[in-house]
Amino acid sequence: MATWATALTLDSSSPLMEQLIFFHDHALSILLIITILVGYLLTELLFNKQINRFLLEGQLIELIWTILPALTLIFIALPSLQLLYLIDEMKNPLISIKSIGHQWYWSYEYSDFKNLEFNSYMIPPQESQSYHFRLLDVDNRTIVPFNSQIRLLVTAADVIHSWTVPALGVKIDATPGRLNQIKFLLNRPGLFFGQCSEICGTNHSFMPIVLESISPSNFIKWIKSQV
Ligand code: CUA
């Protein structure tokens, strides 16, 4: 969960988010190398007295400084595309959860289990207890098993919302009349917080998402207690 001191991305809690962070670091390293190289060349250019009165063209250097950036872009584009398709790839999800965005709360349907349904409202600040995370906690958490491939189906009932949980690397629009799907796999137990990230109205900031990741056996116990 992000706190006031969180400057960089959150630690990942799913393999795909881990890969996304690796890709981010890879892209930033390339950026850093380019910045240092260009910075060095610019300062060198400013602080020396070398002049070539007969310089009109330089075919070779132009060839080099056209091909080198193109190569650099390929080194960024290929892993980016690989990740993009990896995120979309889904094979035998263990459970499917449907999440519906409303103004301004999320509702969930676990249709694998006799259609278990519930709404998930934010705990209003005036009712917040000391054990609550202010403006981030909900009355009904979304319970999910860890180490399991989970398919999330996302849609909305009124306007566009966006189901976003940073620790999972999941950010998917909830659009009325459309059913979007995404998958994730949690690799540890814990509470994972998210918020709507599509400007959806006055209470846009007040429709948080709380995932409670528990062991598969406890998940089955919870399901049994619900249906
Ligand atoms: Cu729902 Cu912003």
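**Reading aromatic pairs and a sheet**

Reply: Trp-222 is buried, at a relative accessible area of 16%. The model is predicted.

Me: Why does Trp-222 count as buried?

Reply: Buried means under 20% relative accessible area, and Trp-222 has 16%. Phe-219 is buried too, with 4%.

Me: How are the rings of Phe-219 and Trp-222 placed?

Reply: Planes under 30 degrees apart count as stacked, over 60 as edge-to-face and the rest as tilted. Here the planes stand at 40° and the ring centres are 5.9 Å apart, so the pair is tilted. Both residues belong to helix α3, three residues apart, which is about one turn of the helix.

Me: Which parts does the pair of Tyr-105 and Tyr-121 tie together?

Reply: The count of aromatic pairs comes to nine. Tyr-105 and Tyr-121 form a stacked one, 4.4 Å centre to centre with 25° between the planes. Tyr-105 lies in strand β2 and Tyr-121 in the loop between β3 and β4, so the pair ties together parts 16 residues apart in sequence. Tyr-105 is buried at 15% relative accessibility, whereas Tyr-121 is partly exposed at 36%.

Me: What is the strand order in the open sheet of five strands?

Reply: The order is β4-β10-β9-β6-β7, with mixed pairing. β4 and β7 are the edges; each has a single partner strand, so one side of each lacks a neighbour in the sheet.

Me: Where does helix α3 lie?

Reply: Helix α3 (residues 216–226) lies across β4 and β10, running at about 135° to β4.

Terms used
Residues are numbered from 1 along each chain as its sequence is written. This is a predicted model: local features need pLDDT of at least 70, side-chain atom pairs count only at pLDDT 80 or more; totals for chains, interfaces and linings use all residues. Side-chain values use heavy atoms; hydrogens and water are left out. Two strands pair if DSSP finds at least two bridges between them. Helices (H or I, at least four residues) and strands (E, at least two) are DSSP runs, numbered from the N terminus. Contact means heavy atoms within 4.5 Å. Axes are lines fitted to C-alpha atoms, for helices over the stretch in contact, and angles run from 0 to 180 degrees between N-to-C directions. Rings of Phe, Tyr and Trp (its six-membered ring) pair if their centres lie within 6.5 Å; planes under 30 degrees apart count as stacked, over 60 as edge-to-face and the rest as tilted. Buried means under 20% relative accessible area, exposed over 50%, partly exposed in between (1.4 Å probe, protein chains only).
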